[in-house]
Amino acid sequence: MSQGGAAAGNGVSPGNVPVCYYGQAGRVPAALERRVRAAELFLRCAACGLAVLAAALLGADRQTQVFFSVKKEARYTDMQSLAFLVIANGMAACYSLLQGARCLMSILTGGVLISRPMAWAIFSCDQAMAYFTISAVAVAMEAAMIGKYGNTQFQWMKTCHLYKRFCAQAGGAVACAVAASLNMVGISLVSAFNLFRLYGSGKGGK
């Protein structure tokens, strides 16, 4: 009994199951810890790549049409919702890149996130970025639907039949942005797990 108590006090897992300890708050099996780290890294890399792809597709999207000898070029800056989507995805890509680098360093060094203030900061930033990207996608999808089908009540004409290639590429960019926002939601769930496991049951837990 004394040896088992000393082993638990020193942070050594009793038995043959490797365990990662988080101070007095609780403990997590090492296998689960590796899966969580790998999942977080994958989600952040996927979110970064999809956000970059969405911003690049919209940034390069343009089409010129001639109406009565007058050239008119359609660009994403012509719609504030698409411009907002480019900004949101650019911010999401930069944020995901930085957090992905942090996750990679944590995996390589074997460090464990045990600081509650740091966990709260990451959780809050992940939540804010998820809501930000979702709101940008929602606005862009509404504008896309108006461009595709118009709105007879407000006498807004549909324009996608005039700029088919532009709308097709913009639709692909919106689809990538939707996938990136879903990855951000998954990241927020992982960060919530990383945070609230620090408040698990233990000697100092409530």
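My entries follow, from the whole chain down to single residues.

**Ground rules.** I am working on a predicted model, in which local features need pLDDT of at least 70, side-chain atom pairs count only at pLDDT 80 or more, and totals for chains, interfaces and linings use all residues. I number residues from 1 along each chain as its sequence is written, and side-chain values use heavy atoms, with hydrogens and water left out.

**Whole chain.** I looked up the elements and got five helices and four strands. For the record, helices are DSSP runs of H or I with at least four residues, strands are runs of E with at least two, and numbering starts at the N terminus. Read from the N terminus, the order is α-β-β-α-β-β-α-α-α. Next I checked burial: of the 206 residues in the chain, 34% are buried. Here buried means under 20% relative accessible area, exposed over 50%, and partly exposed in between, with a 1.4 Å probe and protein chains only. I also looked at contacts, meaning heavy atoms within 4.5 Å. Taking those between residues at least 6 apart in sequence, 75% join residues at least 24 apart.

I moved on to β3 (residues 62-67) and β4 (residues 70-75), which pair in the antiparallel sense over six bridges. Pairing needs at least two DSSP bridges between the strands. Arg62 has Arg75 of β4 as its bridge partner, and Thr64 stands opposite Glu73 in β4. Two residues sit between the strands of this hairpin, and Phe68 takes a positive phi near 55 degrees there.

**How I describe helix pairs.** Two packed helices are described by the angle between their axes and the distance between the axes. My axes are lines fitted to C-alpha atoms, for helices over the stretch in contact, and angles run from 0 to 180 degrees between N-to-C directions. Under 35 degrees counts as roughly parallel, over 145 as roughly antiparallel, 65 to 115 as roughly perpendicular, and the rest as oblique. A crossing is left-handed if the near helix is turned anticlockwise from the far one by less than a right angle, and right-handed if clockwise. For residue classes, Ala, Val, Leu, Ile, Met, Phe, Trp, Tyr, Cys and Pro count as nonpolar, Asp, Glu, Lys and Arg as charged, and the others, Gly among them, as polar.

**α4 with α5.** Helix α4 covers residues 116-149 and helix α5 residues 164-196; their axes come within 8 Å and cross at roughly 160 degrees. That makes α4 roughly antiparallel to α5. The crossing of α4 past α5 is left-handed. I sorted the residues of this contact by class and found 19 nonpolar, five polar and two charged.

**α3 with α4.** The axes of α3 and α4 come within 9 Å and cross at roughly 155 degrees, so α3 is roughly antiparallel to α4. I get a left-handed crossing for α3 past α4. Among the residues making the contact are Phe84, Met91, Tyr95 and Gln99 of α3 and Ile122, Met129, Phe132 and Val139 of α4. By class, the contact of α3 with α4 has 16 nonpolar, four polar and two charged residues.

**α3 with α5.** Here the axes are 11 Å apart and the packing angle is about 40 degrees. α3 and α5 are therefore oblique to each other. α3 passes α5 in a left-handed crossing. From α3, Leu82, Leu85, Asn89, Tyr95 and Ser96 meet Phe166, Val174, Ala177, Ala180 and Met184 in α5. That contact of α3 with α5 splits into eight nonpolar, two polar and no charged residues.

**Single residues.** Is Gln99 buried or exposed? Gln99 sits in helix α3 (residues 80-109), and I count Gln99 as buried because its relative accessible area is 12%. Leaving out residues up to four places away in sequence, Gln99 touches Arg44 and Ile122.

Cys94 also lies in helix α3, and with a relative accessible area of 51% Cys94 is exposed. Cys94 and Ala51 are 43 residues apart in sequence and 9.1 Å apart in space, C-alpha to C-alpha.

Last, I checked Gln127 in helix α4. Gln127 has a relative accessible area of 21%, so I log Gln127 as partly exposed.
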